[in-house]
Structure formats: C-alpha cells, structure tokens
Amino acid sequence: MSVYHYYRPTQRSLFNELMGDFGRMDRHLVPFFQGRTSSEIVNTDEKFAVNLNVSQFKPEDLKINLDGRTLTIQGEQEVKNEHGYSKKSFSRVILLPEDVDVAAVVSNLSEDGKLSIEAPKKEAIQGRSIPIQKQEAIQQNSSQ
C-alpha cells in the first residue's frame with residue numbers, strides 16, 4: 001500500500017512562496033486603499049450630483065472636463081523626494097442624463113477634500129394639444 005495515495009508531498013519553490021506572499025500582501029492592502037477616492041452619484045428629479053472624496057489630492061492636481069454630456073474627473077499627483085518617486089492617479093468618466101442642464105454644471109471642493117459636482121435638471125417639456133385641420137381648409141389656405 002502506497003502512502004502517497006493519502007499524502008502527497010508538495011514541491012516548495014521560490015515562485016510559489018513569492019505568489020503566496022503577494023496574495024497575503026494583497027489581502028492586507030485592499031482595506032487600506034478602499035475608500036480613498038470613493039464616489040457617490042445622486043440622481044433625483046431636481047438635480048444630478050457626483051460626490052467624491054479627493055482628500056489625497058491638492059486642488060491643483062484635479063481636473064474636471066465636460067464634453068457634451070460626458071463628465072471627466074481626473075486627479076494626478078507626483079511626489080519626488082530623496083528616497084524616490086511615486087505617482088497616484090484616478091479617473092472617473094460619467095455620462096450625464098439627457099435631462100441634466102449641462103450649461104449649469106458647478107463644482108465645489110470643501111476643506112476636508114470632498115468634491116461635489118452638481119447640475120439642475122431641465123424643466124420637462126410640457127405637452128400641448130395640436131388641432132387637426134381638415135384637408136379642405138389646408139387647400140383653401142394654400143391657394144390664397
């Protein structure tokens with residue numbers, strides 16, 4: 001009877017140990033990075049709003065662009081010091097609903113790093129009644 005049927009020795013390799021280390025590191029870092037640039041979108045009958053936590057970025061590192069109904073929010077920060085170089089960035093692209101007044105989009109950055117972008121909704125176009133003209137009346141109007 002073979003012992004290997006119940007027990008299989010595993011080969012230990014440097015690659016497998018390294019991948020295991022990466023997995024453990026990833027599980028520890030995910031909670032650290034979550035919520036850094038968290039976003040919330042509000043879409044009501046009165047307004048459309050996007051709220052972002054950009055506290056990790058300076059105001060000069062942020063860009064907001066509106067092209068048609070496409071809203072692009074970007075943040076990019078580079079840090080150079082005697083120990084090295086680091087760069088962090090984020091980008092959000094949001095297609096605004098058709099009933100948003102794109103001419104009235106405004107943004108505000110609070111002291112604690114909360115970026116708010118809001119736009120009111122357009123007034124709904126009210127329906128109207130269209131009278132039906134008789135064919136005879138149309139011909140008489142065109143001959144005059």
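Me: Since it's predicted, what's the average pLDDT of the chain?

Reply: The average is 80, and 67% of the residues score at least 70. That score is the predictor's confidence in each residue, from 0 to 100.

Me: Where is confidence lowest, and where is it highest?

Reply: Helix H1, residues 14–33, is lowest with a mean of 59, while strand S3, residues 62–67, is highest at 96. For residues 30–35 the pLDDT is below 50, and that stretch has one contact in the model beyond near neighbours in sequence.

Me: Got it. What share of the residues counts as buried?

Reply: Of the chain's 144 residues, 17% count as buried. As for contacts between residues at least 6 apart in sequence, 42% join residues at least 24 apart.

Me: Why does Ser 116 count as buried?

Reply: Because its relative accessible area is 18%, and buried means under 20%.

Me: Which residues does Ser 116 touch, skipping those up to four places away in sequence?

Reply: Ser 116 touches Val 50, Asn 51, Val 106, Ser 107 and Asn 108.

Me: New topic. How many cavities of 30 Å³ or more are there?

Reply: The structure holds one. The largest cavity has a volume of about 40 Å³.

Me: What lines the largest cavity?

Reply: The lining is Phe 48, Val 50, Leu 71, Leu 96, Val 105, Ile 117, Glu 118 and Ala 119. By class, that's seven nonpolar, no polar and one charged.

Me: Which strands each supply at least two residues of that lining?

Reply: Strand S2 (47–53) and strand S7 (114–120) do. S7 gives the most, with three residues.

Me: Let's look at Glu 78. Which strand is it in?

Reply: Glu 78 is in strand S4, residues 70–81.

Me: And why is Glu 78 called partly exposed?

Reply: Glu 78 has a relative accessible area of 43%, so it falls between the 20% limit for buried and the 50% limit for exposed.

Me: What does Glu 78 touch, leaving out residues up to four places away in sequence?

Reply: Glu 78 touches Tyr 85, Ser 86 and Lys 87.

Me: Where's Lys 87, then?

Reply: Lys 87 is in strand S5, residues 84–95. Apart from neighbours within four places in sequence, Lys 87 is in contact with Glu 76, Gln 77 and Glu 78. Between Lys 87 and Glu 76 there are eleven residues in sequence terms and 7.3 Å in space, C-alpha to C-alpha.

Me: Great, thanks!

Definitions and conventions
Residues are numbered from 1 along each chain as its sequence is written. This is a predicted model: local features need pLDDT of at least 70, side-chain atom pairs count only at pLDDT 80 or more; totals for chains, interfaces and linings use all residues. Side-chain values use heavy atoms; hydrogens and water are left out. On a 1 Å grid over the protein atoms alone, a cavity is a set of points where a 1.4 Å probe fits but cannot get out, and a pocket is an open set with protein on both sides within 12 Å along at least five of seven lines; lining residues have an atom within 4 Å of a point. Grid points are joined across faces, edges and corners, and a volume is the space filled by probe spheres set on the points. Helices (H or I, at least four residues) and strands (E, at least two) are DSSP runs, numbered from the N terminus. Ala, Val, Leu, Ile, Met, Phe, Trp, Tyr, Cys and Pro count as nonpolar, Asp, Glu, Lys and Arg as charged, and the others, Gly among them, as polar. Contact means heavy atoms within 4.5 Å. Buried means under 20% relative accessible area, exposed over 50%, partly exposed in between (1.4 Å probe, protein chains only).
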